Amino acid sequence: MGTAARSGTDRTTFTRRKIYAVLAGGLVLGVGAALTLAAWNDSEFATSDFAAGTFEFQGSTDGTTWADHPTEGEAASLTFSTGFDNLAPEDVVYAPYALQLTAASTVSADLTAVAPVVTGDLDGLLTFASVATATFGCDATAFAGGTAVPATMAPGDIVYLCLQVTAGDVGQGDTGTAVWQWDAVSQ
């Protein structure tokens, strides 16, 4: 059984209907896809900047001029009382020194003193002691009125020290160098 042949107008109408059907199907699919793509979305972000604090520990030989002395080679030169360069057994001499944790520091510090190291002929012949005082300066009276050196420092704190050195059984002409060290460790 055959199909009847369509005339030119029927064929054109039939073709148009196919085209419209395909277009309508595409339109339905396009609208469905558009509806699917129209979902809401939102994002959330947070940020923060970070920076390290500051920590600066300094010393002073006059109680007013501060500087860093971070190594033995850069040690501050102490000024001892009369007789430091002419010691006899049992002589005692004194020197002031001050420590500060600068106000710009952002954390407190634990403070420890390291036993002075002596080189030369006087190694083992000197004994050392230190106390904290209320003001800068050091002699026998200041040393006697001193208190224990604090174990902590807050930013801006100043610790005035009175250093005492006592000569032991020194020999004539003996010489030596002593180096003091204080360590501040951030808390």
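Colleague: Is Thr102 buried or exposed?

Modeller: The cut-off comes first: buried means under 20% relative accessible area. Thr102 has 9%, so Thr102 is buried. Keep in mind that this is a predicted model.

Colleague: Where is Thr102 found?

Modeller: In a loop. Strand S2 (92-101) lies on one side of that loop, and strand S3 (109-120) on the other.

Colleague: Which residues is Thr102 in contact with, leaving aside neighbours within four places in sequence?

Modeller: Glu56, Gln58, Pro155 and Gly156.

Colleague: Now the strands. How many bridges join S3 to strand S7?

Modeller: Two strands count as paired if there are at least two bridges between them. S3 and S7 (residues 176-186) have 10, and they run antiparallel.

Colleague: In what sense do S3 and strand S5 pair?

Modeller: Antiparallel, over two bridges. S5 covers residues 152-153. Asp110 stands opposite Thr152 in S5, and Ala109 stands opposite Met153.

Colleague: In what order do the three strands form the open sheet?

Modeller: The order is S5-S3-S7, with antiparallel pairing.

Colleague: Why is one side of S5 and of S7 left without a neighbour in the sheet?

Modeller: Count the partners. S5 and S7 each have a single partner strand, because they stand at the edges.

Note on methods:
Residues numbered from 1 in each chain as written. Predicted model: local features only at pLDDT ≥ 70, side-chain atom pairs only at ≥ 80, totals over all residues. Heavy atoms only, no water. Helix = DSSP H or I, 4+ residues; strand = E, 2+ residues; numbered from the N terminus. Buried < 20%, exposed > 50% of the residue type's maximum accessible area, 1.4 Å probe, protein only. Contact = heavy atoms within 4.5 Å.
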